[in-house]
Amino acid sequence: MITVKCFVFGPFQENSYILFDETKECIIIDPGCYDNRERIALAAFVKDNGLKPVKLINTHCHLDHVFGNAYVADTYQLKPEINKQEAPILDSYLMSAKMYGFNAAIPSPQPSAFLNEGDIITFGNSTLELFLASGHSPGSIVIYNRKQKFMIAGDVLFYGSIGRSDLPGGNPETLISSIKNKLFSLGDDYTVYSGHGASTTIGFERMNNPFLV
């Protein structure tokens, strides 16, 4: 059974996730740890729970989701896995960080693999699936588990809101289509772990999200 641990990191209050199961293997998703205190918190959780990180995954490569890539790479010898369409955004991450005044940002390593729609992610005894959900960012991916009915949605869908689509590569019509045709297809009983804010469910968002009803 997969356990989902959420950390709220960085100046953008971004949700970083560690997923692990009974084997103690884990994957780290969107590490947003910006300062040393946050890096220590992530490492302490891994150590205290006897976890073995085996993958580093970015749902997309906006700066708040990759601040911790370098730390995770150096600490656990892992390089990020992303969708190929996010590569230019990852390449421009440090420039974007400096533009926003985050001069302590550390360059991210280049990806070790590219993730595509339909790929299967495995760790320990667990299996995750993914699909491309463009619109917030061109290569945004959503990672989901059918057995436990949850998804890691990045900045695609939030509690009562959706991701912004005014950044480079964003498109509002594409974003709405991704949510309605892909996320909603998984079923109302899926829990949505978003890139910011509280978790929600597909059923709640289908009925109540003002951007989607």
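## Overall architecture

The protein has 7 helices and 14 strands, where helices (H or I, at least four residues) and strands (E, at least two) are DSSP runs numbered from the N terminus. Its radius of gyration is 16 Å, close to the 17 Å that the globule rule gives for 213 residues, so the protein is as compact as a globular protein of that length. That radius is taken over C-alpha atoms, and the globule rule is 2.2 Å times the number of residues to the power 0.38. Along the principal axes, the C-alpha atoms fill a box of roughly 45 × 40 × 25 Å.

The model is predicted: local features need pLDDT of at least 70, side-chain atom pairs count only at pLDDT 80 or more, and totals for chains, interfaces and linings use all residues. Residues are numbered from 1 along each chain as its sequence is written, and side-chain values use heavy atoms, with hydrogens and water left out.

## Burial and contacts

Of the 213 residues, 54% count as buried; buried means under 20% relative accessible area, exposed over 50%, and partly exposed in between (1.4 Å probe, protein chains only). The protein exposes about 9300 Å², of which carbon and sulfur atoms supply 53%. These areas come from the Shrake-Rupley method with a 1.4 Å probe; for residues, only the protein chains shown count as cover.

Among contacts (heavy atoms within 4.5 Å) between residues at least 6 apart in sequence, 63% join residues at least 24 apart.

## Aromatic pairs

Rings of Phe, Tyr and Trp (its six-membered ring) pair if their centres lie within 6.5 Å; planes under 30 degrees apart count as stacked, over 60 as edge-to-face and the rest as tilted. By this rule there are 13 aromatic pairs. In one of them, Y34 and F102 have ring centres 5.7 Å apart and planes at 70°, so the pair is edge-to-face. Y34 lies in the loop between strand 3 (25-29) and helix 1 (36-48), and F102 in the loop between helix 5 (93-99) and strand 6 (113-114), 68 residues apart. Y34 is buried at 17% relative accessibility, and F102 is buried at 15%.

The rings of F131 and Y144 have centres 5.2 Å apart and planes at 40°, so this pair is tilted. F131 is buried at 7% relative accessibility, and Y144 is buried with a relative accessible area of 7%.

## Aromatic cluster and charged contact

Y34 and F102 also belong to one aromatic cluster with F12, F67, Y93 and Y100.

The charged end of K5 sits over the ring of F7, 5.2 Å from its centre. A charge counts as over a ring if NZ of Lys or CZ of Arg is within 6 Å of the ring centre and within 35 degrees of the ring normal.
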